[in-house]
Amino acid sequence: MIGDMISKVRKSRNMTKTELARLTDINIGHLTHIEKSERNPSHKALKNICRALDIPYQQLMYTYGKTLSEDQVAYGFIEHITHNRVPAISINDFIECPPNMPGSSLAIKVADDSMSPLYEKGDYVFVELNSLLNDKECGVFKLNNKILMRNFSNKKDVIVLKAKNKETPDITVKKDDNFYIIGKVLGK
């Protein structure tokens with residue numbers, strides 16, 4: 001997935017592989033293998049790539065070692081992972097991270113009862129940023145400027161965000177929606 005992200009950003013910057021290779025001092029053959037996800041860049045190489053692409057290093061680091069499934073590729077999942085944005089949060093406190101959730105990037109306080117009874121309003125959930133979601137996994141999303149926590153469903157190239165609470169309607173994500181996957185909920 002990290003190679004897909006690098007390729008996506010490079011192309012969005014109208015930058016050739018040759019130019020990126022020159023700016024990073026990475027052999028073009030090695031860069032090609034990275035973009036095809038045949039090799040992962042070293043941390044030093046990734047930092048150099050991010051510097052050359054003028055994007056935050058940590059956002060791509062979250063995708064390190066992850067692989068897109070065929071369904072995720074078919075839907076265009078990569079277009080919904082941010083590479084130049086970080087979540088804006090207000091830190092009120094620190095919460096101890098359970099040892100069984102080492103991939104946690106942050107804890108988010110549940111704002112509503114849409115995922116009740118699994119997650120109640122006021123619970124803290126642990127989230128892994130920029131994580132791939134499989135069908136029926138719980139995630140945190142930005143949809144048309146609203147932050148939501150829902151179960152992710154990707155069937156036949158259609159994403160549906162499903163609530164656990166039967167009184168909360170499901171949301172079908174349209175192709176022209178402003179939709180980003182913030183991360184996967186690992187638990188509470």
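Me: Helices (H or I, at least four residues) and strands (E, at least two) are DSSP runs, numbered from the N terminus. How many helices and strands does the protein chain have?

Reply: The protein chain has 6 helices and 7 strands, and their order along the sequence is α-α-α-α-α-α-β-β-β-β-β-β-β. This is a predicted model, in which local features need pLDDT of at least 70 and side-chain atom pairs count only at pLDDT 80 or more, while totals for chains, interfaces and linings use all residues. Residues are numbered from 1 along each chain as its sequence is written, and side-chain values use heavy atoms, without hydrogens and water.

Me: Why is serine 153 called buried?

Reply: Buried means under 20% relative accessible area (1.4 Å probe, protein chains only). Serine 153 has 8% relative accessibility and therefore counts as buried. Its place is in strand β4, residues 146–155. Of the 188 residues in the protein chain, 45% are buried.

Me: What makes the link between the side chains of serine 153 and aspartate 135 a polar contact?

Reply: A polar contact requires a pair of N or O atoms within 3.5 Å, one able to donate a hydrogen and the other to accept it. The side chains of serine 153 and aspartate 135 are joined at 3.2 Å, and this is a polar contact.

Key. Buried < 20%, exposed > 50% of the residue type's maximum accessible area, 1.4 Å probe, protein only.
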